[in-house]
Amino acid sequence: MSLGLPPHLAPRAVSRSFISAIHVTAVVCLVGAMIVSLAFQLEWPKLIFWPAILALVPLLVVLYLLDRMPTPFFSVSYLIIGGASVYWYSLTFASQIELDSFAALMTLALPKIALMLVGGGGIGAAAALRWATSGFLVAELASFAAIVQTSQQYALDGISIAAYAIMAMLLIGSWIGQRGTRRMQPLLYRAAKEELVAALRHRMELRAAALLHDTVLNHLSVLAESPPGQLSPVLRARIERDLALLVGEEWLTEAPRADASNDTEWHDSDLYRAVREARALGLEVDTTGDTTALLRLEGEKSRELALAVKQCLVNVLTHSGSSDAEVVIYGADDEVLVMVVDTGCGFDADAIGSDRLGLKTSVHQRIEAVGGTVQVWSTAGRGTSIVIRLPVGPASSTRPIASVSAQ
Amino acid sequence: MTGSGATAQRLDPAGTLGTHFLTIVLVVVACLWAIVVSALSLSRGGDTVPALGALGVFAIACALVVYVSGEGHGVFTPGIHLTVHGLVVASFILASWSSWSTDDFSRDQWAPLSLGIMMVAVAHYRPARELIAAGTASALVMGAVTFAHAIVVETAAPPLALAVVAVIGVLALCYGAAMYSQRTVEALQRWHRRADVVAEALADEVRVGIARSVQQDRVTILNRDVVPFFGDMLARETITDDDRDRAREIANAIRSVMVADADRTWLEVVVQQAGRPGRALIAVDDPYFLATTMTTAQRTALRAHVVALAADRKIAEGFSIVLSRHGRLCVGTLSVPILSADHARRSRYAPIHAVMRVAFDSVSIQTHPPDLIVRFTYEHS
C-alpha cells in the first residue's frame, strides 16, 4: 500500500534527503570548478590557475566530513574554511583574467554556490535557509574581498543570487507541500489497518467455512443419504469427535505463530522446508497452529504431507492471483489436519482441465496413498481452502474419511 | 515497487501530490530564466527564428511536466521523462543554432540550467538511476555542442572550460535531484518496513479476538439446530426417515448461510459500516463479485475513498458504486452527488485519487453537476 510518512517522521526525512541532495550538488560544483580551472591552466600554461584547484581541496574534505556528521561544528567549519577557499579561488582567477564573460562569472560562481549548499544541522526549512543565507553571505564577502584586492570591479553575482533564490523556493515550496497533503494520511492509515483486519477475518471465515463444510455438512449429507436403521459406529465416532471440537474447543483461536515459536523440531520438519521453499519462490506464507502435532507423523507421511503442501502452495502462487497463503496445523488425538488457505481468485473444481494434474496427482493421490484424505473448498473469486487429514500412526491403506462416512 | 526503480510518487502518491505546487514554481522559474536570457541575447543580435523555436520547444517541455505531474494525471512515466529531456536538448540545439555565427556565448546557456531546474522539479516522480542516466546523457550532448560551438566561434575562454560550465549546470542539479529521489525513496521504504512490522504485531494482537468472534458466530448456528439434532440422534443410535429429512433441512439452512456470507463482498461490508444513521445505504452493484478480485492496495484505496465520502456532509444521498466487467478488465464507477455547487470536493479528495491512480490501472475524475464521477479500471486477477 502506498502510504506516506507520518507527520512526526516527515520533516526529519525531508530534511535529510534535502541535505544529501545539496551536498551532492555542492560536490559536482566543486569538481566542475576544478576541471574548469584545469582547462584554463592547460589553455594558458603561462598563467597561474593551479592554486584555484588546490583551494577547493580543503572545501571538499570538510564537505565530506559535514555530510558524514551534519553537526553545527562541521557546518561552521565548512563556512570558515569555505570562505577562505572561495577567497583563494576568486583571487587566483581575478588576478589572471578579466571577469567580464559569462564563462568567467560562471566559473567564479561554482565554489560560491557550493558554499551556499552547506545544509548544516537542524531540521526544517527555516534552519536550512539560515545556513544557506550564511553560506551565501560568506561566499559573496570572500569573493568581494578577492576581486577588490586585484583592483577589478566587483559586481553582484547574478548566478549565485539565482541559485540562492532557487534554493529558497525549493525549501519554502517543500514546506508548503508537506503541510497541505498530510490531511488525508490518517484516513489512509485507518483504511490500511481496517483492510488488514478485514483480510484476517475473511481468512478466518474461510477456514471456519471449510471446517464446517468438512465436518458438520459432510455428516448431515451422509445422514440424509443413509438408509433408516442403526447409526454406523464410524459415523457416530466422527460426529462425536467433530462436535466436541467445534462446540467445545477454540478451533479458530490459534497457537502462537509457528515461525515465532523458534521450535527446533518445527524448523527441522519436512513441512517447514516445504514452506521455506514456497517462500523462496516469492509466496508470503503464514504458518500457525500446533506444530508439535507434526512430530506424531512418521517419516513417509511427514514427507508426503510436505510435498502435498508444497504443491498446494505452488498452486496458490501459480493460479490464485494471491501472493500470500496460510498453512494451519491442527492436532487431534488420532490425526493431524493441515489446512492451506488462500484468499485468491478461487476456482471451480469441476472446471479444472484434465491437464492440471497438480492437485489430482501431487496432492490427492499422494495423501490418499498414505491413508489420508484431501478436501478442497473453493469458490470462484472467494479463495480456496485445502484440508489435508492424515491419521497418526504407520502408513496403511486406510480408506479416506469421506469414503467411510459415505458408507 | 522495490529496488532502484521505486519512485516517491509510487510509494507516497498523496504526499507527492503536495509537491505539485513546487513543481509548477520550478518550471515557471526555468521558463523565466530561458525567456530572460534569450531576450538579452536577441537584443544583441542572432537569428530570431531558431531562438524563438528553442523557447517554443522548451515551453512544450514545461507544459508537459506541469500537466503530467498534476492531480488529473496518473503516474509520471519514463517515456514522459525522456520526452522532456529530448525536448530540452532540442531547444538547446536550436538556441545554439541561433547564435552559431556570433561570438556572444552567453545566449545559448539558458538550457543547461533550465534543464537542471526541471530535473529538480521531477525528482519526486522518477527514480534516481533514471534521473542520473537521462541527465548525464543530456549534459554530454550539451557539452559536446558547446565544445564544438566554442571551437567554431574561437572564444577567448578555453572550449573545455565552456563545455564544462555548460555541463555542470545540468549535472549538479541532476545528481542533486537523483540523491533527493533516492533518499526519499529509502525513507519511505524504511517506513513501509516499519509499518509492516506494526501491521504484523496488530494482526497478532487482534487474531484471537477475531477468531473467537468468527467461531462464536458459527457455534451459535450449530447450537441452535445441529447440536440438539446430533445429540438426540447419538442418544438413540438409530436413523429414521424424519432424521434424514431433518438432516437435509439443516444442511440446506447452513449452506444458505454460508452462501449468503460468500455472496457478501468486503465492499458491501465497508459500505454498511461506513453508512451514517438515518441515511440511505450507499448502493453497491457488483453482480460478478469483482470487488473480491482487487489487490490489497486497490481495496485499501477504495475503502479510504468510500469511508471519506460517507463521512462527508456535503455528499447527498444516492451515492453509488458500480463494478462491471469487460473481458479481463474491471471497471468501477463511483457516482457521488454533491450538495450545493461545492466542487472544491474534487480537490479535497485529490490525495486519495492520487493513491488510487497508483493502485489501479487507470483512474478518471469527472464532474457532471451535481455528480462527481470517479472511474477506475483494473485487470481481473
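Residues are numbered from 1 along each chain as its sequence is written, and chains are lettered from A in the order in which they are written. In this predicted model local features need pLDDT of at least 70, side-chain atom pairs count only at pLDDT 80 or more, and totals for chains, interfaces and linings use all residues; side-chain values use heavy atoms, without hydrogens and water.

**View 1. The interface of chain A and chain B.** Chain A brings 96 residues to the contact and chain B brings 100 residues (heavy atoms within 4.5 Å). About 8700 Å² is buried between them (accessible area, 1.4 Å probe, lost on being put together, summed over both). Carbon and sulfur atoms give 73% of that area.

**View 2. Salt bridges across the interface.** Six salt bridges link chain A and chain B (a side-chain nitrogen of Lys or Arg within 4 Å of a carboxyl oxygen of Asp or Glu). One of them joins Glu194(A) to Arg303(B), at 4.0 Å from N to O.

**View 3. Elements on the side of chain A that touches chain B.** Elements that each supply at least two residues include α1 (10-43), α7 (185-225) and β2 (284-289). Helices (H or I, at least four residues) and strands (E, at least two) are DSSP runs, numbered from the N terminus. The largest share, 30 residues, comes from α7(A).

**View 4. Strand pairing between the chains.** β1(A) and β1(B), residues 238-239, run antiparallel and are joined by two bridges (DSSP must find at least two for strands to pair). Gln230(A) stands opposite Thr238(B).

Conventions:
Buried area is the accessible area (1.4 Å probe) that two parts lose on being put together, summed over both.
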